[in-house]
Amino acid sequence: MATTQQSIFASYDKDPKFYDEIFDEKGNVKKVYQTLFDLYSGHSSQDFAKLNDKAKASFFNQGITFQVYTDQEAKEKIFPFDLFPRIIDQKEWDIIERGVLQRSKALNHFIWDIYHDKKIIKQGIVPLDLITSSANYLHQMIGVDPPGGIYNHISGTDLIKHSDGKYYVLEDNIRCPSGVSYVICNRTALKRALFGVFNHYNAHTVTDYAQNLLEIMESVKPRGVDEPNCVVITPGVYNSAYYEHSYLAKSMGVELVEGRDLFVENDFVYMQTIKGPERVDVIYRRIDDAFLDPLEFRPDSALGVPGLFSAYKKGNVCLVNAPGTGFADDKAVYTYMPEIIKYYLGEEPILNNVQTYHCSRPDELKYVLENIDKLVIKPVDEAGGYGISIGNRLTQEEIEKVKKTIQASPRKYIAQPIMSLSVHATYIEESESFESRHVDLRTFCLQGADKEFVLKGGLTRVALKKGNLIVNSSQGGGSKDTWVLKK
Amino acid sequence: MLARVANNLFWMGRYIERAEHVARYLNVNYFSSLDAPNEKSQSRDHVLHSLLFMANGPVEEDYELTEKNAFYDIGLNPEKLFSVLNCIKYARENANGARDLISTELYESINKFYHFVLNYDADFFVSKGLFDFTTQIAESTSIIRAKIRGTLLHDEVYAIIMLGVNIERATQIVRIIQAKYYDALKAQGGYDKKFSKSYEWTTLLKCIEAYDMMRRHYKKTPTSLSTLEFLILNPECPRSVMNSLVQVKNHINVLNEDKYPEKDSAAFLIGKTHAEYRYKTVDTIEGNIESFIEEIQDTLIDIAKKIEKEYFKY
């Protein structure tokens with residue numbers, strides 16, 4: 001046993017700079033992972049190579065794939081799935097669950113306020129130009145009352161565990177957060193591959209997501225509708241998330257529609273069925289705001305439905321999530337999240353925001369200028385990673401330059417400490433062994449008119465390249481099954 | 001059900017069925033020709049022409065008629081719209097469009113099938129793999145049919161798929177009859193010197209996997225008359241044109257519940273065609289095989305067009 005243990009964990013790096021999810025400071029396996037670790041050590045590296053191939057084939061045969069386009073042809077690829085699950089105990093999960101729910105609710109209040117009274121701006125807590133400068137702020141939404149008063153029915157909050165062992169929120173996604181279908185696939189794949197491991201732990205199910213999503217959608221039905229007809233709208237079979245769209249529709253038992261299946265007449269929305277038009281009441285849309293309705297937003301959109309927004313404004317159809325939520329999940333608003341939570345809910349934030357220094361405040365500016373090498377400098381009004389300087393990657397010369405830029409217009413900049421993502425044991429094909437890789441966690445939170453739900457599990461994304469901190473699937477990231485333990 | 005998705009399901013059914021008939025024809029016709037009793041039936045050109053005719057239509061004059069070319073084009077050539085590979089590709093694309101409506105199990109069997117065909121080694125196929133490949137196609141389509149029958153609700157979704165399957169089946173059976181009819185004209189002789197007792201009728205029955213049951217039914221060597229009667233008019237022969245029409249009629253009734261369907265509806269035309277074949281006798285067909293073939297092909301096209309117009313408009 002000892003030798004196999006050595007071989008499958010032989011290349012595991014223990015770097016004290018990062019929080020290790022599996023091993024403690026002394027290099028011992030943490031209690032919650034002990035059973036798993038013992039069971040895995042009973043498998044040889046050949047066993048894992050075989051299991052890894054089987055798991056890949058299972059994803060491939062099920063068609064859980066995305067397209068990669070090369071010069072000649074489109075190739076199908078699977079999202080890499082890791083054989084070592086992440087375990088979150090009940091105590092830790094309880095904080096995460098309450099925390100993401102709190103953020104999701106606060107954001108909903110915030111969006112309502114911004115599109116109505118703008119009290120938070122009038123009271124000087126959030127600056128006006130932060131909102132109006134955002135490309136995702138929709139003037140069309142001013143004064144619109146969405147059914148049930150809900151904007152962000154579905155929120156995906158991304159968390160990391162920093163070297164201090166605490167969870168921090170990296171960002172909230174409240175437009176069309178994706179990835180939930182992989183949570184469920186990962187569970188299925190892990191159970192199939194390693195059923196003898198799974199039954200040693202008492203983990204919450206993740207298959208109840210679809211049922212809860214449908215209930216949330218039904219709770220925000222338009223006025224006067226008894227049994228709402230709910231659908232999922234997708235850009236089509238060539239969209240990279242099409243598998244997820246079809247999975248969600250299938251598991252809810254509702255139709256998966258495209259824009260060309262729908263039409264609007266007298267501000268009501270209908271779909272073309274084999275028996276003629278049928279009214280649609282609630283639409284879970286997986287199309288971005290700009291493409292929803294060519295009459296209201298981008299006129300060249302072929303994905304959307306002409307007249308959809310007008311039907312929405314009249315309250316004849318509900319869109320999940322509401323249009324115009326995007327201004328509230330950008331980087332600049334993020335820094336105000338603690339204030340936003342306090343203002344609307346009168347509560348202290350449960351989850352940590354990454355510490356943010358506003359260069360507009362003199363004492364904070366002083367700290368920033370003295371500690372640039374330990375900080376990430378971000379402009380408040382840019383999106384997509386533009387204008388960001390990472391302090392420990394700058395030369396002395398560049399630091400001086402950044403300092404000057406900040407001093408020239410301190411209101412334009414914020415600074416945050418450089419966060420380090422925790423590491424987790426991850427199966428690496430090349431070495432046929434488990435190595436340490438950085439991970440984050442996407443959670444899924446639902447809120448409706450009369451209910452709320454947080455999926456007990458999540459998508460643990462893992463950067464498969466050594467030392468890489470970027471976990472996105474587009475950058476070669478994979479994912480892990482995530483177990484939330486019962487009490 | 002969405003009209004667009006219904007269209008996908010209909011064509012999913014058609015392409016799966018088409019792939020199976022083409023593959024089976026390739027398999028049976030080729031192997032039975034190897035030791036055919038007369039020279040013409042045994043000639044390579046004769047059988048390759050027959051294979052290409054069935055899969056696509058008359059062979060163009062400048063076509064380089066070699067075994068490898070013919071096999072590749074019919075089986076795995078991505079450039080040929082009629083290849084088995086493309087049938088499976090289109091079947092899967094259509095299944096993708098209806099992925100939320102069909103069962104996970106059905107989708108997985110189609111998807112696995114697609115990858116099997118896509119990754120099949122073309123060199124191996126044209127030199128050694130003909131039997132293996134075509135047999136696998138027949139097995140995979142059987143599995144898919146079982147998943148359709150055994151894992152879907154027998155509602156409108158099922159009815160639409162089965163309409164596609166049965167219209168395609170009738171179309172392909174007629175196509176195979178047509179191909180073998182021409183073969184029989186060209187290769188008269190064998191056990192007897194007459195057209196009506198050509199060896200090609202036996203091959204025809206085998207191409208439809210109906211030979212054994214035909215022998216059980218008639219207890220005689222197949223002739224043109226008994227073969228055509230069995231394959232066109234016998235409602236108990238599972239792949240006969242008549243049996244397909246019965247199925248089409250049953251399934252259209254799920255979509256159209258009118259007792260007296262309107263005269264320009266698909267249900268009306270299907271009912272009319274069904275009634276016509278029910279009271280047809282083989283002697284009216286045997287003398288005019290060519291015009292029968294033309295007529296039934298036109299009718300099947302009309303039925304499909306009417307279904308499309310009535311149910312798939314979006």
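Two strands are said to pair if DSSP finds at least two bridges between them. In this predicted model, strand β11 (residues 282–285) of chain A is joined to β12(A) by three bridges, and the two strands run parallel. One of the positions concerned is Y284(A), whose bridge partner in β12(A) is V320(A).

**The parallel sheet of chain A**

The pair β11(A) and β12(A) belongs to an open sheet of four strands in chain A, with the order β7-β6-β11-β12 and parallel pairing. At the edges stand β7 and β12 (318–320) of chain A; each has a single partner strand, so one side of each is left without a neighbour in the sheet. From one strand to the next, the twist averages 30 degrees.

Two helices pack on this sheet. Helix α9 (residues 209–219) of chain A touches β6 (230–233), β11 and β12 of chain A, and its direction makes about 110 degrees with that of β6(A). Helix α10(A) touches β6 and β7 of chain A, and its direction makes about 150 degrees with that of β7(A).

The peptide bond from V320(A) to N321(A) is cis, with omega near -10 degrees. N321(A) itself is placed in the loop between β12 and α12 (331–334) of chain A.

**An antiparallel pair in chain A**

Strand β1 (residues 65–69) of chain A is joined to β2(A) by five bridges, and here the strands run antiparallel. Within this pair, T65(A) stands opposite I78(A) in β2(A). How many of the five residues of strand β2 (residues 74–78) of chain A are buried? The number is zero, so β2(A) lies largely in the open.

**The contact between the chains**

Between the chains, 16 residues of chain A are in contact with 17 residues of chain B. On the side of chain A that touches chain B, the elements giving two or more residues are α10 (242–252), β7 (255–257) and β9 (268–273) of chain A. By class, that side of chain A has six nonpolar, six polar and four charged residues.

**Chain B as a whole**

Chain B has 16 helices and zero strands. Its radius of gyration is 19 Å, close to the 20 Å that the globule rule gives for 314 residues, so chain B is as compact as a globular protein of that length. Taken along the principal axes, the C-alpha atoms of chain B fill a box of roughly 55 × 50 × 35 Å. Of the 314 residues in chain B, 47% are buried. Among contacts in chain B with a separation of 6 or more, 68% are between residues 24 or more positions apart.

**Helix α3 of chain B**

Helix α3 (residues 44–55) of chain B has twelve residues, which at 1.5 Å a residue should span 16 Å; the end C-alpha atoms are 17 Å apart, which agrees. The buried residues of α3(B) are V47(B), L48(B), H49(B), S50(B), L51(B), L52(B), M54(B) and A55(B). The cover over these buried residues includes α1 (3–33), α4 (67–75) and α9 (156–186) of chain B. Just after α3(B), G57(B) takes a positive phi of about 130 degrees.

N69(B) is found in helix α4 of chain B, one of the elements that cover the buried residues of α3(B). The C-alpha atoms of N69(B) and V5(B) are 36 Å apart in space, for a separation of 64 residues in sequence.

**Residues with positive phi, and burial**

K118(A) and K219(B) each have a positive phi of about 55 degrees although neither is a glycine. K118(A) lies in the loop between α4 (90–115) and α5 (119–122) of chain A. K219(B) is found in the loop between α11 (211–218) and α12 (224–233) of chain B.

| Residue | C-beta neighbours within 10 Å | Class |
|---|---|---|
| N69(B) | 15 C-beta neighbours | partly exposed |
| K118(A) | 14 C-beta neighbours | partly exposed |

Note on methods: Residues numbered from 1 in each chain as written. Chains lettered and ligands numbered in written order. Predicted model: local features only at pLDDT ≥ 70, side-chain atom pairs only at ≥ 80, totals over all residues. Expected span 1.5 Å × (residues − 1). Buried ≥ 20, exposed ≤ 12 C-beta atoms within 10 Å, placed from the backbone. Contact = placed C-beta atoms within 7 Å. Nonpolar A, V, L, I, M, F, W, Y, C, P; charged D, E, K, R; others polar. Axes fitted to C-alpha atoms, helices over the stretch in contact; angles between N-to-C directions. Rg over C-alpha atoms; globule rule 2.2 N^0.38 Å.
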